[in-house]
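Please examine the sequence and the structure shown below.

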Amino acid sequence: MYRTLQILFVALCLLISGHVVGLRAAEDLAALVDQLGAAKLSEMDDRIAALAKTGDPKVIPVLEALGEGELYQRKSDGKVFLVKSGGADLELVDPVTGADAGAAPKAALQKIKVNNAVRRAVRSALGGLTLFSDDAGARLKAAQSMLQAPNADALDAIETALASERDTTVRQVLDEARAVTLLLSDRSDDEKRRAITLLAEGSGRTGLAVLTSTLASADASLKADIEAAIDRIEQREAFWNAGQNVWYGMSLGSVLLLAAIGLAITFGVMGIINMAHGEMVMLGAYTTFLVQEVIRSSYPGLFDWSLAIALPLAFLVTGFVGLVIERGVIRFLYGRPLETLLATWGISLILQQAVRSIFGPTNREVGNPSWMSGAFEFGGLTITWNRLWIIVFALAVFAALLFLLKKTSMGLRMRAVTQNRRMASSMGIRTPWVDALTFALGSGIAGIAGVALSQIDNVSPNLGQGYIIDSFMVVVFGGVGNLWGTLVGAFSLGILNKFLEPYAGAVLGKILVLVLIILFIQKKPRGLFALKGRAVDA
Amino acid sequence: MILSFLMKSLDRSIVLVVAILLGLAVLVPALNLLTSPDHPLHVPTYLVSLFGKYLTYALLALALDLVWGFCGILSLGHAAFFALGGYAMGMYLMRQIGARGSYGNPLLPDFMVFLNWKELPWFWQGFDMFWFAALMVVLVPGLLALVFGWFAFRSRVNGVYLSIITQAMTYALLLAFFRNDMGFGGNNGLTDFKDILGFNIQADGTRASLFAASALILALCLILTSAIVRSKYGKVLVAVRDAESRTRFLGYRVEHIKLFAFTVSAMMAGIAGALYVPQVGIINPGEFEPGNSIEVVIWTAVGGRGTLIGPIVGAILVNGGKSIFTAAFPEFWLFALGGLFVLVTLFLPKGVVGTVGAYFSRRRAGRKARADEASDNLAAEPMAAE
């Protein structure tokens with residue numbers, strides 16, 4: 001009991017003394033702020049520095065107000081106020097406590113004058129102050145702004161901040177900011193040299209800019225170091241650019257793979273030219289749209305699961321459509337590939353118009369679930385989550401398909417029928433059913449590709465048309481009847497496209513790729529990975 | 001001699017179609033120009049241009065039939081040759097505008113002034129002369145077909161693969177012509193034409209003459225293709241279609257045979273495009289759309305591939321249907337066209353003309369058989385009487 005009382009007493013004392021200390025600090029601050037009013041423009045720098053030195057976060061709004069020209073001095077007692085609104089009478093706010101201090105007529109107040117020099121001092125003081133903020137995000141922002149716009153005066157502040165900084169990401173930026181600022185200051189060459197090596201290892205464009213700008217004015221001894229550092233940065237930049245191209249290329253390649261892999265089954269394995277393939281992709285995308293509509297209106301909590309729900313649905317829907325097409329049209333046209341081409345083109349027109357009539361010709365909105373939005377940094381690359389997931393997804397679909405074809409009895413039947421239909425038939429395989437199921441499988445895969453593509457493309461009735469030519473190119477380039485060929489074909493075309501783009505532009509790059517494919521087919525009419533064996537006269 | 005060659009190379013139906021075309025070439029312009037607008041038989045000018053457009057489509061389908069129907073090459077790039085011919089004619093028409101464009105530049109077409117170009121690019125030189133443009137209408141598609149075909153046929157790219165790379169070709173051209181710095185007007189293409197050969201392109205007389213020219217040239221090309229497929233070369237062409245390897249083993253240079261047909265066909269498509277542009281008044285990269293080429297294939301298929309008359313009938317039927325349909329129920333045109341693709345491939349593999357022709361020849365054969373039977377009976381009767 002006694003002990004508890006003791007603790008309470010001590011706590012009370014601490015509270016009171018804390019309060020008193022706080023009050024005193026506030027009084028000191030108020031005095032410092034009031035001094036701003038009396039100062040001449042030439043003295044402003046010192047006054048601002050004195051304010052900044054307190055390291056008190058309450059100074060921040062005062063300095064901001066000073067920079068904006070919102071600080072006024074009352075003529076009667078020399079006290080400084082923050083003025084909120086203009087008018088005949090000005091409303092006054094105590095700048096330190098933020099408390100309302102009544103109103104006063106305009107004539108009773110005088111504005112504290114600021115010029116550009118003062119504003120600059122305010123800015124760097126603010127930068128320094130937020131460097132000591134409690135919020136790591138604010139510190140990071142401050143450090144980044146010091147890195148972007150280096151100012152030699154802020155060097156001391158940066159170094160003090162660096163000494164007490166614990167957060168590694170903030171430290172990293174601060175380190176670079178210090179190096180950049182140091183180069184602009186009048187420190188010794190040795191220190192500068194260390195800063196240059198640090199910049200050469202760092203990641204930034206600002207480093208490059210500062211180095212190039214200091215190169216002209218630097219001493220001869222430093223010049224060589226700076227040049228070497230610039231070289232290093234540029235080399236690394238070139239490396240990461242190449243990396244970026246590869247990444248974009250893989251991203252495009254995964255889209256191509258997704259679009260083409262269903263076609264690799266229908267065209268590659270069965271030899272059916274399915275011009276309605278793109279429309280299967282479109283149907284998959286619209287299934288996603290419908291699923292998301294239902295979720296939005298009835299179960300908003302499930303939104304992050306929308307794609308997982310849409311995937312099997314899209315597979316079933318497009319697989320079923322594929323089954324109907326095969327049973328209704330294509331089975332009458334086996335052995336006449338060119339006629340199949342025409343009939344499936346007709347089907348694609350019908351499907352497009354049907355979707356246009358039902359959903360309208362405009363783009364439909366399909367949202368990204370939260371785990372697919374955003375991006376992260378990897379070295380010098382910015383990697384968006386949706387692209388990464390699509391690459392992973394494309395490879396997963398590929399692996400699943402490969403497993404299905406190579407390791408299951410269904411796959412065995414499919415391969416048997418494609419390799420020797422009559423033999424397979426006489427072994428008791430129901431070839432018409434295998435045909436129908438294979439076609440449905442290819443269509444279903446196109447449907448789940450549509451789920452993925454709905455995340456990065458406009459969901460409109462024309463969605464499929466944009467992919468059909470590319471998909472055929474991929475399958476033909478990779479080699480018909482070979483899934484691995486499709487994989488290699490998709491990624492190599494994607495990466496080639498992205499490497500050509502910076503030199504030739506997006507459209508010309510695409511044209512070049514098309515021409516290259518046309519020339520390639522002259523050289524290898526059966527594609528990159530042709531099936532071995534004698535070509536039968538088709 | 002030429003006449004006898006012609007007579008040998010034409011059968012009755014071709015002569016009939018040529019006669020109809022020649023009749024139309026006289027009749028339609030006459031009904032348009034010589035009758036007053038309220039006369040019941042008066043053909044309004046917009047219809048003349050519309051029919052003229054159908055005839056150029058018919059010529060394009062005929063060109064496709066030569067390679068697809070008789071040589072088995074399913075080209076999905078014929079709209080590209082058509083568009084190239086159209087662009088050549090469009091360039092001539094652009095140059096004819098002269099200083100009457102909205103920027104009033106005597107040398108540069110409007111879009112070049114707009115893009116701040118200072119001088120005419122080299123590939124626009126010479127297009128102010130009609131003969132040069134007319135030559136290019138034939139040469140440019142022909143040359144493209146020659147080079148493309150030479151590569152493709154030499155390495156024995158055939159069947160579906162050829163279809164796909166011809167599609168890639170027209171797609172690449174589509175992308176290229178969309179680019180502004182290609183110098184062909186980019187997205188908007190070439191339009192706002194004023195004169196052709198000094199005549200106002202909007203005038204009734206010019207429209208009627210263009211229609212007559214389309215009909216005449218279609219008739220000429222029909223005679224030409226008919227002569228080609230009925231010659232010895234045409235027989236080899238069909239042999240290539242039906243058994244390519246066997247023809248090669250018999251000692252024919254299959255790639256040369258294919259290349260000739262492909263090039264001639266591309267030239268005809270180019271002429272069709274050149275006739276199309278002045279009657280429609282615009283040419284833009286949309287003509288290169290892969291879908292357009294596939295549509296040409298369906299005209300040919302509807303009419304009947306390998307019949308020469310079929311594609312002409314098919315092109316006019318499908319496009320007439322399209323004009324009526326898109327005016328009456330625009331929503332359903334794609335359903336109708338799509339359905340047409342499916343139904344024709346499933347139930348009418350020979351097309352309208354092919355099916356009707358087969359019906360007639362069956363009937364003729366039946367009549368002949370009956371007649372033979374009757375004469376047999378007649379011959380048999382006396383025997384029985386004996």
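Which residues are buried in helix α6 (residues 155–164) of chain A?

## A helix of chain A

The model is a predicted one. In α6(A), the buried residues are L155(A), A157(A), I158(A) and A161(A). These residues lie on the same side of α6(A), because the arc they cover around the axis is only 160°.

The other side of the helix presents exposed residues: D156(A), A163(A) and S164(A) are found there.

## The sheet of chain A

Chain A contains an open sheet of five strands, paired antiparallel in the order β4-β3-β2-β1-β5. Its edges are formed by β4 (100–105) and β5 (109–111) of chain A, each of which pairs on one side only. On average, and with direction ignored, neighbouring strands of this sheet are turned by 45° against each other.

Strand β3 (residues 89–93) of chain A runs antiparallel to β4(A) and is joined to β4(A) by four bridges. Within this pairing, E91(A) has A103(A) of β4(A) as its bridge partner.

## The contact between chains A and B

Chain B contributes 40 residues to the contact, and chain A contributes 34 residues. On the side of chain B that touches chain A, at least two residues each come from α6 (130–154), α7 (160–178), α10 (244–249), α12 (290–303) and α14 (333–347) of chain B. The most is given by α7(B), with 13 residues.

By residue type, the side of chain B that touches chain A comprises 27 nonpolar, nine polar and four charged residues.

Terms used. Residues numbered from 1 in each chain as written. Chains lettered and ligands numbered in written order. Predicted model: local features only at pLDDT ≥ 70, side-chain atom pairs only at ≥ 80, totals over all residues. Contact = placed C-beta atoms within 7 Å. Nonpolar A, V, L, I, M, F, W, Y, C, P; charged D, E, K, R; others polar. Pairing = 2+ DSSP bridges. Axes fitted to C-alpha atoms, helices over the stretch in contact; angles between N-to-C directions. Buried ≥ 20, exposed ≤ 12 C-beta atoms within 10 Å, placed from the backbone. Arc of directions from axis to C-beta.
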